[in-house]
Number of protein chains: 2
Amino acid sequence: MKLRKIAISTVAVLALVGCGSDNQETKADKIERATQKVDKNLLTDLQKKALNAGFQALPSSKAEQLKLADNPNNPITEAKVELGKKLYFDPRLSKSNLISCNTCHNLAIGGVDIVPAAIGHGWTENPHHLNSPTVYNAVFADKQFWDGRAKDLEEQAQGPIQAPPEMNAPKELVVSKLKSIPEYVEEFKKVFNSEITFENATQAIAAFERTLVTPSRFDKFLQGDNTALTDKEKKGLEVFIDKGCASCHTGIALGGTMQPFPAIKKYKYNDVGDFKGDKNSMVKTPTLRNILETAPYFHNGAMTDIKEAVNVMTETQLGIELKKEETENIVEFFKSLTGEKPKITYPILPAMPLNN
Amino acid sequence: MKLRKIAISTVAVLALVGCGSDNQETKADKIERATQKVDKNLLTDLQKKALNAGFQALPSSKAEQLKLADNPNNPITEAKVELGKKLYFDPRLSKSNLISCNTCHNLAIGGVDIVPAAIGHGWTENPHHLNSPTVYNAVFADKQFWDGRAKDLEEQAQGPIQAPPEMNAPKELVVSKLKSIPEYVEEFKKVFNSEITFENATQAIAAFERTLVTPSRFDKFLQGDNTALTDKEKKGLEVFIDKGCASCHTGIALGGTMQPFPAIKKYKYNDVGDFKGDKNSMVKTPTLRNILETAPYFHNGAMTDIKEAVNVMTETQLGIELKKEETENIVEFFKSLTGEKPKITYPILPAMPLNN
């Protein structure tokens, strides 16, 4: 289980070579390639059961993680990620100069804002009472936004910047503000070999977000390290699989696919906000990575108690009622999903021009 | 001019030894000690003139900077600074869970919020239309707040957390939230050998803020490096001294003392907000370090153009009108005051408990 280590710059080069839509590896192919290195003969029954349930490990090497997270149409490069980080933290991307991507997807607190519904421009609560999903591992979701209306992070990043109840900044305003800052003009030129556009600003942000993946003990377990989980966590994993939770919360993200919601019974907090999913009532399954850090739960942030969230979920989606102990076991398993966050140096942003 | 380098931990020990109020070095003594190492014989006339005008260099060694910035009643230690950094970035110190110290004193953008008047809880504008002063080098001000009502950063940090239009969190709420987070309980115990109190939370924040000092080319110039300033900047420095600006904007902070305002003529933007200084109409002189990054200017944030700010200042406080070229020269000098910011790793904060 020795993973080849390669430098980030090499990843970038590989990604560039892989560019174009003809010969693209699908996401499933990429995950298959990254996880096939586990020697199945050395696995315990529970490890085999977990892999059969569709869980996939995040590789432990940063370079392999970035290969999985990369987008051939917006390849990750060091310079682009650095620019994207600046933009992610820059409150000048909002009309008020006060709200950045990091305001609602705060990297210090699980990549979320820990409030039930997002608060944006002018202290406006999200009009549908939608909760901010975590940006950590968001790259591994099939689609973005609760109704899956954005195909990837690049498309997603365009939304909240412009949305009036969020950052409330029209494209033209964002571009004119960025263009007024000489260091940004130069940096965009270096990264994109072009002038500043709204699209390449959001591409840089998405490239940064693609690096925000958090390997955890559960990955080590899937990779063959049977000691990575405690006995209680293993018990919880077993319950999680046996009860059917892994039918949706699976894959590398333990979530991230569009699913019918509510599937079996009425959702208890249905009246908090008016969100009902996409046109087919499908809702994006949240990732369970770092779930113990991302309360409140559900699309409308209606619960802060993780045990209640587990119970409401199994009732609504599986039509079953868990025993107290089963709920506790599952929550115990969640501890193994709290991952290691990338070390981020807080950016020093280029100053606005002297006269404006 | 060789500066002795010592490790931060040694600084902490020295500070602890220096604790107690009997034998305390005054701030002036400390600055004198730190700056006396310059060999006056090797200085140019302008360097001598600058030192005679009262400017003092920030030492280039981090350890010497921290000695200057230290508070014997709240000694800087590595562990305390690390805790203080977490609290500084933690939005859970506000009632809403959305506003941290860093919201208004954003370390990415000059230690300020770049809006004219601070925006706090519920998107409330500061009721006196007061502008957020920069946290960088704030340690070197004689007093804190625009009316100087806090004697130091430790006292200052208690204000905005509780103020209803700012973070709006009563002491008891802050303490109960922090106490609900086991990692904080442990960390406070390690740092303060006590349970969590509002006072030691603000002490930790202040200790972190004391490390936020930004040496610049002007310091190198004062320390004897005549090439550290461009000819234009030197010209600007000369005008700055000759016109009398250095009568208030001097010392290590190029500001930080309480001064009568307006001193000579009516302040042009007097009607923006109702702030009139302390009971004697004294207002804290802002530091000029990083001034090109901290627009809008003046206590009420009434100007974004630095040239206008210089002109309004000289008219109001010195009763003189500058020639266009003189204003430009002074602004040129300000470039040498943009300092190097400490490298901050964005903290990963301990999560809230599972059920709350």
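This is a predicted model: local features need pLDDT of at least 70, side-chain atom pairs count only at pLDDT 80 or more; totals for chains, interfaces and linings use all residues.
Local features need pLDDT of at least 70 and side-chain atom pairs count only at pLDDT 80 or more, while totals for chains, interfaces and linings use all residues. Residues are numbered from 1 along each chain as its sequence is written, and chains are lettered from A in the order in which they are written.

Chain A contains 15 helices and four strands, taken as DSSP runs (helices H or I, at least four residues; strands E, at least two) numbered from the N terminus. Of its 356 residues, 50% are buried, that is, 20 or more other C-beta atoms, placed from the backbone, lie within 10 Å of their own. Among contacts (C-beta atoms within 7 Å) with a separation of 6 or more in chain A, 74% join residues 24 or more positions apart.

At the interface, 36 residues of chain A contact 36 residues of chain B. The chain A side has 22 nonpolar, eight polar and six charged residues; nonpolar means Ala, Val, Leu, Ile, Met, Phe, Trp, Tyr, Cys and Pro, charged means Asp, Glu, Lys and Arg, and the others, Gly among them, are polar. The copies meet through the same surface, because 100% of the interface residues of chain A are also interface residues in chain B.

Within chain B, helices α3 (residues 45-52) and α13 (residues 231-242) pack at an angle of about 40°, their axes 11 Å apart; axes are lines fitted to C-alpha atoms over the stretch in contact, and angles run from 0 to 180 degrees between N-to-C directions. Leu46(B), Lys49(B) and Ala50(B) of α3(B) meet Lys234(B), Leu237(B), Glu238(B) and Ile241(B) of α13(B).

Conventions:
Two residues are in contact if their C-beta atoms, placed from the backbone, lie within 7 Å. A residue is buried if 20 or more other C-beta atoms lie within 10 Å of its own, exposed if 12 or fewer, and partly exposed in between; C-beta atoms are placed from the backbone.
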